[in-house]
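Open the model in your viewer and keep the selection panel at hand. This tour goes stop by stop: what to select, then what is there.

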Amino acid sequence: MSTAERTSGPRIDTTVPQTARVWNYWLGGKDNYAVDRALGDEIAAAYPIIVDIARADRAVLNRAVRYLAGEAGVTQFLDVGTGLPTTNNTHEVAQAVAPTSRIVYVDYDPLVLVHARALLTSGPEGATDYVDADLRDTGTILREAGRTLDLSQPVALMLSGILAHLSTVDEARAIVRRLLDSLAVGSYLVVVDGTNTNQELNDVMRIWNESANPPYAMRSPQEIASYFDGLELVEPGLVDVTRWRADPDPSGPPRPLDNLVGVGRKPASF
């Protein structure tokens, strides 16, 4: 599908808040509507650190990409559920470290589709592409990603805040497995997702699920850990987003945000 075809007239519903647009609002972006800002403000009023969570999630993804493109030597990224472009998108971070990096973004939100051209920028030595597909459509994701990425070589599969949009953890695990099964040994999985261990946050998510699309199903830490079954977890393991390879804070450890991040490597025995 050409970029012109991808960006020609997708239907954008401005009457129902959408995940990508609310997240964009919390991150300080401008690609959102009044309905998104209203829900974002309602949730932030009930749970003010939700904005901190959004920004910490973005920051930890940047650290993970820098680690993968640098220390781990991975130069291929499959970013599924990418959301709306803001600053420090995956291709920008990866290509700043490794200019030959190739990135494929995957999303199906209509407004993300409209902004695909903003994502389809690359340094001259690397490449980016965009796939219009639902996470459940793993066949399309892999087939289309294979036009830009060499799936016989290691790929970093990035799933930030998207697995919780699947209704059951069994479905989420199955999709993670289908994607990883098609990636080379030495590929990596990056997952960021919220936990159900904080009742105040659980209550806020009920506000979300009553108002926005798609719903978000909080998982237990054990359920999130199960996505990494068979993988080799990179230190420091599955931890709060504030703790994964963060620079030391002279004022002391940051407050946990009840969102976890993990990075796992696919071994030959997977």
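**Stop 1: a helix pair**

Helix 3 and helix 10 are roughly antiparallel to each other, because an angle over 145 degrees counts as roughly antiparallel. Helices here are DSSP runs of H or I of at least four residues, and strands are E runs of at least two, numbered from the N terminus. This is a predicted model: local features need pLDDT of at least 70, side-chain atom pairs count only at pLDDT 80 or more, and totals for chains, interfaces and linings use all residues. Residues are numbered from 1 along each chain as its sequence is written, and side-chain values use heavy atoms, with hydrogens and water left out.

Select residues 34-46 for helix 3 and 199-211 for helix 10. They pack at about 165 degrees, with axes 10 Å apart. Axes are lines fitted to C-alpha atoms over the stretch in contact, and angles run from 0 to 180 degrees between N-to-C directions. Now show L39, E42, I43 and A46 of helix 3 against E200, V204, I207, W208 and S211 of helix 10. These make the contact, meaning heavy atoms within 4.5 Å.

**Stop 2**

Beyond four places in sequence, W208 touches T19, V22, W26, L39, I43, P214, P215 and Y216. Buried means under 20% relative accessible area (1.4 Å probe, protein chains only).

**Stop 3: along helix 4**

Which residues does A54 touch, not counting those up to four places away in sequence? Select W23, W26 and L27. A54 sits in helix 4 and is buried, at 0% relative accessible area.

Then show N62, V65, R66 and A69 of helix 4, which meet T90, V93, A94 and V97 of helix 5. The two helices pack at about 35 degrees, with axes 9 Å apart.

**Stop 4: helix 5 and its cover**

Select residues 90-97, helix 5. T90, H91, V93, A94 and Q95 are buried there. Their cover includes helix 4, strand 1 (76-80), strand 2 (102-107), helix 7 (116-119), strand 3 (127-132) and strand 4 (156-160).

Conventions:
Angles under 35 degrees count as roughly parallel, over 145 as roughly antiparallel, 65 to 115 as roughly perpendicular and the rest as oblique. Buried means under 20% relative accessible area, exposed over 50%, partly exposed in between (1.4 Å probe, protein chains only).
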